[in-house]
Amino acid sequence: MDPQSLVVEILEEVFPDEYDIAGPANVRRLAAGTGESVRVDGGSSLDMAQVLNELQAVVVILYASISILHALTRSAHGPVSVVTAQATAEESIPEFSRLDPKKRDAIIDRVVRWVNEDPAARVPWPSHPADELQSYAQP
Amino acid sequence: MTDAVLSANPAPYRVNRLKVLKALVSVFRTQSIFLYQLVVFARYPSWAGAGMVLVGLAVNQLAVNIVFLYKVLRGRRQLIRGCLDRMRGCTFTRYTAKDFLESSVHTDIDNWYVSRSLRMLRMSKVRLEHLLKIYVVTGPAFIEQLSCYYDPLFFDSYIFITDPPEETRGVRRFFVLHEIGHTQMAMATHTAALYLWIWPYLCFVLWVVLTATWSAGTLAIGTAYLCAMLIWWEEWKREVADARALSEIVADCFAVGYLSADELARVARNQKLSVLLDREMNELQNTTRLARLRENIELMMRGDEDAVLERTFAAVPEPRWRLLLAPVGLVALVGLCAAPPAARMVGWMTALVVVLVAWLLGLFIVKGVYDNVIETRLSGSAPAGLSSSPSPALVDA
């Protein structure tokens, strides 16, 4: 599974309310990080902008977590524990600590499973064009 | 709203005569010229008077339809400039309501909302699919809103969403049904007066200026009429402000009525629904709308569908008919003070009818051009100069 699919999967599992509102297509675009947002005028509209903004912030945190934990497994040359992963993520990504604790646990659990499965098969660094990621993206 | 529910409640429908009378008063508010000429004719019965009644009726109808058509054109323009222009580079895949709704729900909407309304206009062959076009937008951009454009005259509706039917479940299905609700309930939430602003009154003033022989009496009542127009203007602004919130509440009610028990539970569980605020509504309206939505979901989950409909439609304000009596009364007074109509006036005013017909036809042509642009943009072969985007493709699902 590529990092982008992992991000989509985590959003669906850990943020079901936001995922339901944004919809699979919008979530995939957010995870791909390539989309510009479009606001339309006139008519009647259901505004999802706030939910999309929240998801966008979460996507950045997720990519940062994946990047850092992936680097951790590579440098450790072996599986990484959930406790170590949690501590590393909280230390390295200030925004991560601000997430709901239950969601944090679920994210770490899922990312750790992913990085431990077959680290060699992983792409070196998940790519995401968001500027916020650049500070985390370098090992 | 299903047939089973309706047949289980066989309470006979009775016409409320008082409500019919109030509705007539409401209709006469937009038919001032016709009413005025009727009063003049009743006072001075003559062939010229009868001619002026007919011409007045024609002018009234043409003027109202011209205003409506301008609203339609404005809506079409908003659809092109405010929506399609901003979605350049996107692909539009066309679906029908059948693709998103279960067969029973589709049949119910088709029978109860579309066919019933249009049967009165001898258009019973028109189906939901003819009026409602649903487009799934795909492309590099992500869409911040699900949007819906509908017009008050031809009932043409365009809905733009982001997910195809197979990915539309739970809350997303609620959203799609909500947008369909806007298209089907527009007539209940947006009265004709709402679209017409104070144009009917202005048209009447113009008509009186053109046709009446002025006296101190007509001048005094005319001045009173102009003052009263300020009150009706304020009343119109209040109705517009209420209509937006009402329209959202009714569309929510429509959607909730067609969700399955599982979907209702999923919508009820969603904590993020409370952040879906409408930027065109104030805080109180948004809060009221969300409270009503939660209440309706709860009632539906308890199986109390009737209560959902009753409580929602109790919020639909009836026209303030006492306030509306004022224009009707003032028009009648101006008519009573008017001089008998001259035969040559019928000729002049018939010429006005011809001008208005030509004007209306011109607007129909412009509408045809707009419709063509919309269809072209949605079907992918945008004419040069209108869009520099890659051609979107229309796929009839």
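This is a predicted model: local features need pLDDT of at least 70, side-chain atom pairs count only at pLDDT 80 or more; totals for chains, interfaces and linings use all residues.
Residues are numbered from 1 along each chain as its sequence is written, chains are lettered from A in the order in which they are written, and side-chain values use heavy atoms, with hydrogens and water left out.

The contact between the chains (heavy atoms within 4.5 Å) takes 41 residues from chain B and 33 residues from chain A. Chain B and chain A bury about 3600 Å² between them, 50% of it on carbon and sulfur atoms; buried area is the accessible area (1.4 Å probe) that two parts lose on being put together, summed over both. Of the area that chain B buries against chain A, 24% is supplied by B:Phe142, B:Glu144 and B:Gln145, more than by any other three residues.

B:Glu167 forms a salt bridge with A:Arg28, with the closest N and O atoms 3.2 Å apart. B:Glu167 lies in the loop between β5 (157-161) and α8 of chain B and A:Arg28 in helix α3 (residues 24-32) of chain A, so the pair joins two chains. In the salt bridge of A:Glu18 with B:Lys272, the closest N and O atoms are 3.9 Å apart.

Within chain B, the axes of helix α3 (residues 32-43) and helix α10 (residues 199-211) come within 9 Å and cross at roughly 40 degrees. The axes are lines fitted to C-alpha atoms, over the stretch in contact for helices, and angles run from 0 to 180 degrees between N-to-C directions. α3(B) and α10(B) are therefore oblique to each other, as angles under 35 degrees count as roughly parallel, over 145 as roughly antiparallel, 65 to 115 as roughly perpendicular and the rest as oblique. Residues in this contact include B:Tyr36 of α3(B) and B:Trp207 of α10(B).

Definitions and conventions: Helices (H or I, at least four residues) and strands (E, at least two) are DSSP runs, numbered from the N terminus. A salt bridge is a side-chain nitrogen of Lys or Arg within 4 Å of a carboxyl oxygen of Asp or Glu.
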